[in-house]
Amino acid sequence: MLEIYKECTFTSSSSFNWIGFLTLCVAAFALYIARTNLIALKRSHKVQSHMNLINLENEVRRNNVKLKESIQEHTNSTTQEELQNYDPKKIIQAKTNRENCFEIYVTSVDKLASLIGTDYLSKQFSNRNWKEEYHDFFKKVMVIYQDHTLEFQNSEYKIPNFEKLLEEWNKK
Amino acid sequence: MILNFKEYTISKNLVEEILKLNNASTIEKLIDDATKKIDNNKIRPFLIHTNSLFLNVLLNRLQEVGGKGEENTKRAREIIRTKI
């Protein structure tokens, strides 16, 4: 009985070790593949985030140019030369265009501020100093925003993320 | 409220005059004098429009005005905002 038990134990133990070893190899290989994929995924995610950020920054710049042009156009519509043929419709049109450009602009700025405000981005791009890069720019945006709300009193465009971020930066 | 030719002209002249000033202390007087020429019910739109012209200077014309233009623009905007 003891002999059979020893034989069984030996056979069973030997078989178990072999299967265990193979399982371990497969698991290690799978772990290696998973780790490689994870690193590649993280890298691709980082590149994607960077691309999204660059696109958003470009969008804000483009909208900034459009807004500046619309403000210029609006004030040009009331210059001496233009007023020789005084046309209220033209002035209203320029004002409406300015309002539309403002809406698009503040929306994109607020999106950018919400992205910068997240911890996620700070972890992804630890070498970038967002405050140094954007504080002055955001202060200018605030001047435009305040002027707009002064001029267009029924303006409903809110910029909660932007205001929150600027407030935080001003405190520091 | 849409302003008329007269108010737009006063506003434009006021802005150009302020930009050329060397002494910022006279800005308020110039604004007050110009406002006196405007009908009571149009004073607010007039000031808002003038402020808008100064915003345009800040965003688009600052390099062109030179001198004390920037300082005058900022001071004028501060004064106008208290009056609106």
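Let's start with a cysteine: Cys101(A) is buried, its relative accessible area being 12%. Keep in mind that this is a predicted model.

| Residue | Relative accessible area | Class |
|---|---|---|
| Cys101(A) | 12% | buried |

A disulfide is a covalent bond between the sulfur atoms of two cysteines. How many disulfides does the structure hold over all chains? The count is 0.

Asp110(A) sits in helix 3 of chain A, which covers residues 88–117. Is Asp110(A) buried or exposed? Asp110(A) is buried, yet it has no salt bridge. Its nearest side chain of opposite charge belongs to Lys111(A), 9.6 Å away; a salt bridge would need a side-chain nitrogen within 4 Å of a carboxyl oxygen. Leaving aside residues up to four places away in sequence, Asp110(A) touches Lys158(A), Ile159(A), Pro160(A), Asn161(A) and Phe162(A).

Finally, have a look at the largest pocket, with its volume of about 520 Å³. Its lining is made up of 20 residues, and those nearest its centre are Lys140(A), Val143(A), Leu58(B), Leu59(B) and Lys74(B). Which helices each supply at least two residues of this lining? From chain A they are helix 1 (2–76) and helix 5 (130–151), and from chain B helix 3 (43–65) and helix 4 (69–83). Helix 5 of chain A gives the largest share of the lining, 7 residues.

Note on methods. Residues numbered from 1 in each chain as written. Chains lettered and ligands numbered in written order. Predicted model: local features only at pLDDT ≥ 70, side-chain atom pairs only at ≥ 80, totals over all residues. Heavy atoms only, no water. Disulfide = S-S within 2.5 Å. Buried < 20%, exposed > 50% of the residue type's maximum accessible area, 1.4 Å probe, protein only. Helix = DSSP H or I, 4+ residues; strand = E, 2+ residues; numbered from the N terminus. Lys, Arg positive; Asp, Glu negative; His and termini not counted. Contact = heavy atoms within 4.5 Å. 1 Å grid on protein atoms, 1.4 Å probe; cavity = no way out; pocket = protein on both sides within 12 Å on 5 of 7 lines; lining within 4 Å. Points joined across faces, edges and corners; volume = space filled by probe spheres on them.
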